[in-house]
Amino acid sequence: MEDRPPIITVKDSPSPSTGEVTPQLESTKPQMFRFLSNIFEVIVPRDHTGSGFDEWPAFLERADGGLEIGKALRTVVSILQYLREKSPAIIAPATKVLADGSRYGKLAMVVSEVLQEGELLADTRPEPWRLPFGDEKMLDFYLDLLAADEIEHDWTSDALRLIGNTCADLDINRERALAKLKLPALLDRLQEEGKASIAIGVLCNLCLDYELAQVALRANRLFPSLITLLERRCYKQDYLPQIALLLDVAIEDFNPELYSDTQAVTIIHQALTIPGVDIETQVSLANAIVALLKHEQIQKALLEDYKLSIILDLFVFSYTQDAASTNYFSTSESEPPLHHPVQDPEDEAQLTALRSALSAKLWDMTALTEFTIKYLPASKLVQRLISWLSIDEPQMQVCACSILRNVASSDQNATDMVKNFKVHWLLRSLLEDVSNPQVLEESIRLMKNLAVPAANKKELESFESVTLVWSKFESPTLHYAAASLVRQLVRGCFDNVYLFLRPNTSAKDDSYASRLLHLYSNTNDPAIKIEVARTIVEVWRTANSGNSEEVRSRVFRVEKAVRELNLRPDEIVKPVVAMIAESGNQSLVTEGWFGLALMTSSEEWGEAVYNALCGDATKGVFKAAVSCGDAHSKDRDNARILVDRLLKYSVGLLPRHKRSPDDAR
């Protein structure tokens, strides 16, 4: 007979709510009633007791043969009530027999036909004791017995075992237990060495898949009790899977005000990294940490305590399936070698889902102000993320890029990442070698953040790799990201403008600028079309920056480069005019008028702009902008500057509106 409660791991269980082991019986004949008879033999009178158990030996003997089991159980309950008054010491051995028996089953007599010789034989099949123990008041007896006395008796653990087994996967017995069982006393047992395991078993069988018990346990502070249990290590490691299941129940009502620091996350992570813990339990505990991260208080606490590495460790674990190794590698210069042991498809699906959830939470946390204050580019954690860019795991690279984008949200950090840590070298390698569109998109978005500071723009120039994205991939989001990066690279950096307008290969009909216009012609995505138009505006805005002499020189070089590329001004003007006519965003319209005013820098370009504006779709828009009565309208001011420039280079095209051509805004 075992003292251990009947708990099994989830993977061996037919149902997540079943915590009972039903091993093979050593004999086809049950022994529970015979053992009880031996215990009762000397103490309990056999005949004419008047207490409801007259001639009890006969009932128990017949029950061992599979007959009158219900009556036998009722008789045992009557005997136990008698012993409670007359000889309480006998309750302990009897309870142990019943608790042991509750792990097995009763033998039901089922009549079946045997074809050979046409005999009818009794077929014995094991069935659980759960329902009979409940229906015949055995469960109620022990619930009443426990409720009547706060003192720990030598039969208490066995009584709890019996209750736990009887409640497994049977709501009617769970309801009976919930009405009488003192939950605080049960939870207190979680903190006692040698008693926690039984309490874990009872809690699992009571509440898994039973909402009423879950609500009651959460109200009685199940989560704090489990955290204390994990911290004190009062349990055997075999029971960690059940603790993980209970955490999943308890965490729904987690109160961040009670655990606003990193205690809960740290304790659960320590349990997860114990060597030998099975993969399903590790994933379950990791998901418990993810659930805690939905609370901003917990996120900020991890950042304040410099414990964000715990979350990175979990991300690495999702690849290695070895959480114990992360205790070492999170403090070293490199990650463990990532390998992919053969996994059950369900395990793989759970790990993939965990990875996605961790990515989302990491993005949320690293977007907080506390992150940018605590984690600078030189920090070990950011350096660890930079190293992830070189690991050939797409989701790992995507996660690293998204977090590093948040690091690069300040100009100082972005400059350090390029100047001191050469992050852009790794990103260029990804652009050249990676074919995963998501990795490429996140890499380009990170490069865009890095390209914001003026000091980084020339270093980040990679038009060859970026513009080839438009022809190599069919992803609109990737196309948009690449166009947006090009716009950021040419913004305020004339060196990059000039490079963008130079032939990029020996092929005369191929250039970065021609690729941009080809993208415009071949997409139906309005966002991409607008980004192309804004990039063209940035080329002319950058060319027109500086003193008068610099502007004349730069505009001349731009116009010359366009001619050498065999590009026509009307091709370049077209996207900007379309943005004005089609965009519903006022700031984009204003940006478009500003760009056209700058592009009207010569007679050739003025004619291209004028022809575009005289089209049916834009004539009315142009007239409305010029004649706008709002004295503070930037669109009117820029449109009138445009008219003055058109008149300067193409006299007689339009009525004159006097305004200095250098007042474009």
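**Entry 1: His424**

I looked up the contacts of His424 and found that His424 touches Val418, Glu459 and Leu460, leaving aside residues up to four places away in sequence; contact here means heavy atoms within 4.5 Å. The model is predicted, so I note that local features need pLDDT of at least 70 and side-chain atom pairs count only at pLDDT 80 or more, while totals for chains, interfaces and linings use all residues. Residues are numbered from 1 along each chain as its sequence is written, and side-chain values use heavy atoms, with hydrogens and water left out.

I placed His424 in helix α24 (residues 423-433). Helices are DSSP runs (H or I, at least four residues), numbered from the N terminus. His424 is buried, with a relative accessible area of 0%. I use buried for under 20% relative accessible area, exposed for over 50% and partly exposed for in between (1.4 Å probe, protein chains only).

**Entry 2: Glu564**

I found Glu564 in helix α32 (residues 548-564). Glu564 is partly exposed, at a relative accessible area of 37%. I also checked Glu564 against Leu501: their C-alpha atoms are separated by 9.1 Å, and the two are 63 residues apart along the chain.

**Entry 3: α27 and α30**

I looked at helix α27 (residues 463-472) and helix α30 (residues 512-521), whose axes come within 10 Å and cross at roughly 25°. That angle makes α27 roughly parallel to α30, the term for angles under 35 degrees. Axes are lines fitted to C-alpha atoms, for helices over the stretch in contact, with angles from 0 to 180 degrees between N-to-C directions.

I listed the residues making the contact: Phe463, Glu464, Thr467, Leu468 and Trp470 from α27, and Tyr512, Arg515, Leu516 and Leu519 from α30. They divide into six nonpolar, one polar and two charged. Ala, Val, Leu, Ile, Met, Phe, Trp, Tyr, Cys and Pro count as nonpolar, Asp, Glu, Lys and Arg as charged, and the others, Gly among them, as polar.

**Entry 4: α16**

In helix α16 (residues 296-304) I found Ile298, Gln299, Ala301, Leu302 and Leu303 buried. The cover over these residues includes α14 (263-272), α15 (279-292), α17 (309-320), α19 (345-366) and α20 (369-374). Just after α16, I noted a positive phi of about 55° at Tyr306.

**Entry 5: α37**

I checked the length of helix α37 (residues 634-649): at 1.5 Å a residue its 16 residues should span 22 Å, and the end C-alpha atoms are 23 Å apart, which agrees. The expected span is 1.5 Å times one less than the number of residues. Of the 16 residues of α37, 12 are buried, including Asp635, Arg636 and Ile641. The buried residues of α37 pack against α34 (586-599), α35 (603-613) and α36 (619-626).

Definitions and conventions: Helices (H or I, at least four residues) and strands (E, at least two) are DSSP runs, numbered from the N terminus. Angles under 35 degrees count as roughly parallel, over 145 as roughly antiparallel, 65 to 115 as roughly perpendicular and the rest as oblique.
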